[in-house]
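Have the structure open while you read. The tour below goes ring by ring, then turns to a helix and an annotated span.

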Amino acid sequence: MASWSPGLPDTCGWNGVTCSDDRNHVVALNLSGYGLSGSVSSKFAGLAFLETLDLSSNSLTGPIPPEIGHLKRLKTLNLQQNRLTGRTPDELGGCSALQVLSMADNMLQGEIPSSFGRLAALQVLNLANNQFSGSIPTALCGLSSLSYLNLLGNALNGAIPPQLGNLSHLQMLSLFHNGLTGSIPAEIGKLQRLQLLFLYENQMTGIIPHELTNCSSLEELDFFGNSFSGPIPETIGKLKNLVVLQLRQNDLSGPVPPSLGDCNKLQALALADNRLSGSLPPTFRFLAELTLITHLAIINLSHNRFTGSISPLLGSNALVKLDLTNNAFSGVIPPALGESTNLARLRLGHNLLQGGIPSKLSRLRWLDFLDMSSNNLTDEIPSDLSNCTRLTHLLLGKNRVTGTIPSWLGNLHSLGELDLSWNELSGKIPAEIGNCSGMLKLSLQDNHLSGMIPPELGGLTSLNVLNLQRNNLTGTIPSAVLIHCKKLYELRLSENSLTGSIPSEIGQLIELQVILDLSRNHLSGDIPSSLGNLIKLERLNLSFNHLDGQIPASLEQLTSLHRLNLSNNLLYGRIPAGLSSFPVSSFTATKLCGAPLTACITRSSTSDMSRLSNAAVAGIIVAIVSISAVVCVVLLCIIIRLWSKWREVSVSNSDGEECKEKHERRGGGGGDRFESYWKIGSTCMVTSSEKQSSTSETSILQRKMAAGGLDDSGS
Amino acid sequence: MDGVSPLRLPFPSPLPSPLLIFPRYPRMASLPVLLPCLLLLLAASPALSTNPEGEALHAWRARLTDPTNVLQSWDPTLVNPCTWFHVTCDSQNRVIRLDLGNSNVSGSIGPELGGLEHLQYLELYRNNFQGKIPAELGNLRSLISMDLYGNQLQGEIPKSFAKLKSLRFLRLNNNRLSGSIPRELVFLSNLKVLDLSNNDLCGTIPIDGPFANFPLQSFDNNSRLNGPELQGLVPYDIGC
């Protein structure tokens, strides 16, 4: 805006300014994208001859000044893409020459002024993406020149006024992303020029009026995400210019009208997520007409209740996407499907389809997504499918497919997800599968697969999820897989017949997170301590194997673990303390001990000694008592002897000497005999120890007394 | 809110043959020729803006550099992102996992990701993500695991992470994060594993709540981190 200077005489030369031919009046101001800020000045109202005022794509704030309404010659007012706020002034209805009015992409509030109904020349009204509330004013419906009415992205409520049918020039009606309620008025059928009708994402209800099919110019109909009920109008075929019919996510019921076949410009048919039912029988006009729909590129009838054969839907070789997921279609998959050679996405899952996968599908060279899961399909996977080299998703799970897993799957280099689970496949997992280096998810669980897990699966270097559980796989867990499939975050090999020990390379899968499940196999040997490296692992199941040895202490490092099952193994020893908070069920049917199981019973010295002390104390006490008793008795005897000897000596010590001399003079006794001499009165007595009995002593005494040899003299 | 401009397919279809993808652009020829501003007035074409989660992911993807084409399957014309690779949905088609670890992706982590209300696992580890962790990630109220380790993220750990009430695993190690550890994280009662090692964090380490159980290795190699906080003795460290 450097050219804008009050000093310069030639205002008409300023950037963005356009003057009238006589250069007397400013007729146009185009300041779009000038980086302007501040509010819209009311001074603009002074430009009485202004026909175009374009202030779009700036940073203007504040309200729209009501003075703008004074510009009686204004034809175009474009304020879109600013930050204008506040209520729209009623005075704007005074711009009686206005043809184009856009205030889209601001933050305007309040109701749409009814005064807009006075803008008799208005052709374009764009109030999109603001915060307008209230209902659509019926006053707008008098704007007979209106071609484009865009009220999308506001907070409008209430119903579409029936008077809208008076807007006979209307070409485009965009009311999506509001809170509109009520039903579509039948008067809408008066809009003969209407080409685009977008009502999606509101809360409208009611039955789609058949009068709508009078709008013969209609090209695009989008009612997605409302609550329309009842049938699709039977006369839909009158809309010969219809290119897009988008009715997804409503409450529609009843059949697809046979007249739909008349819409031969139709390119997209989206009826998903309704309650549509009925079959598409070939005998109806529907089929004959449908073959005229040569342009149909997208058919989406998913999540309805359709029955019968899918044959009537075929015939358009423009078909790119066919989605029939979750209905009750039955019969075989028609081989004619192979004639829609542009088909990229084919989704037939969750139906009642039977028979084999037609080999004619091999003609679908551009096929990217093939989902036929959850049906009753039988027979083998046809080898011709190897021609579909662009397949990224191949989903055949939950069928009754037989035969072996074909090795040509290894030629599908774009394959990202292969799901053959829950079938009746047998034989080996082909090593060639390892060539699909872009594979992210391999699901082969719940089949009758046998043989070893091929180490070539280590070629799946992008693999995130590997599920081989519930098969008859034998052999060891190949360490090549554990080394090279570094991006695995889920590994399930349970319920097979795998043998050998868990390779220590398992510790290299440091991104393992969801689960490591090796349970119900015949694995033996120790739990490798490298398992402690899996610090992101949340669930670990090694139960029902023949694992022995002790639980490595490294498992205490698994800080993310919240489910652990080591039960039903030959493990023994103490459970590491860090794992003691897991429930008892994690460790049952093993020889483990310690918390949370019962305490370990060990043979340590402390317990021996305690046992010893209990018994030994008693023994020792008994021994001490008995020895003491013996010692006491012996001492007692000695004391008695000594005492009696002492008394003997002290009583007759001298007499004893006397008697001894006498005795010896008489020649009695020998020195070697223990003789004791007693003097009783003057009588010397000799007792001989040889004769210990007292009677004998008495008798000796008596004999001696009898002998009378006793002297009374003291000599 | 979205502009009024038509929704375009920014990435060429991988299928080279001329296919009839139903037109998503307004048919200019059938309209009367009006002033150029009309181009901006025409509404977006039929319901593509039906899955906000797919839109959020697509808007984020547009800013990423993806040399190995891991995001090739991210087709915005599909009704939801549940068949996109590296995206996992629940039975109601809501995104619960985003697995882009080790994918050689660079760019910034988008604030759009905060709109994935049912996301449980955000796995963006070992890539070349730069810039700040957007505060909008605090809106992920179902999040169980956030793994952003091994990138070049800078700036602070958002305080909004205090709202991640379901969070069990938070690994932000090996980045260039700075600032202090937000005290608000002590309210994450489900947090079992926290790894902030190998960053440039400063200040002290909280000791309350789950922080009582985190080993010191969780905070290794933050040269300006001062160790556990001394409660009551020093004031809260504002900016360090």
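Start at Tyr200(A). Its relative accessible area is 0%, so Tyr200(A) is buried. Keep in mind that this is a predicted model.

A pair of aromatic rings is described by the distance of the centres and the angle of the planes. Across all chains, the structure has 11 aromatic pairs. Phe176(A) and Tyr200(A) make one of them: the centres are 4.2 Å apart, the planes are at 10°, and the pair is stacked. This pair links distant parts of the chain, 24 residues apart. Phe176(A) sits in the loop between strand 13 (172-174) and strand 14 (196-198) of chain A. Tyr200(A) sits in the loop between strand 14 and strand 15 (220-222) of chain A.

Next, move to chain B. How far apart are the ring centres of Tyr125(B) and Tyr149(B)? The distance is 4.9 Å, and the planes lie at 10°. Planes under 30 degrees apart count as stacked, so the pair of Tyr125(B) and Tyr149(B) is stacked. Tyr125(B) belongs to the loop between strand 4 (121-123) and strand 5 of chain B. Tyr149(B) belongs to the loop between strand 6 (145-147) and strand 7 (152-154) of chain B. The two loops are therefore tied together by a pair whose parts are 24 residues apart in sequence. Tyr125(B) and Tyr149(B) are both buried.

Stay in chain B for a cluster. Trp60(B), Trp74(B), Trp84(B) and Phe129(B) are joined by ring pairs.

Then widen the view. For residues 98-198 of chain B, an unreviewed UniProt entry lists "domain: Disease resistance R13L4/SHOC-2-like LRR". The span is 0% helix and 25% strand, and its end C-alpha atoms lie 24 Å apart.

Finish back in chain A, where charges meet rings. Arg345(A) places its charged end over the ring of Phe369(A), 4.5 Å from the centre. Arg520(A) lies over the face of Phe544(A), 3.9 Å from the ring centre.

Terms used: Residues are numbered from 1 along each chain as its sequence is written. Chains are lettered from A and ligands numbered from 1 in the order in which they are written. This is a predicted model: local features need pLDDT of at least 70, side-chain atom pairs count only at pLDDT 80 or more; totals for chains, interfaces and linings use all residues. Side-chain values use heavy atoms; hydrogens and water are left out. UniProt positions are given in the numbering used here, feature names are shortened, and annotations may be inferred rather than shown by experiment. Helices (H or I, at least four residues) and strands (E, at least two) are DSSP runs, numbered from the N terminus. Rings of Phe, Tyr and Trp (its six-membered ring) pair if their centres lie within 6.5 Å; planes under 30 degrees apart count as stacked, over 60 as edge-to-face and the rest as tilted. Buried means under 20% relative accessible area, exposed over 50%, partly exposed in between (1.4 Å probe, protein chains only). A charge sits over a ring if NZ of Lys or CZ of Arg is within 6 Å of the ring centre and within 35 degrees of the ring normal.
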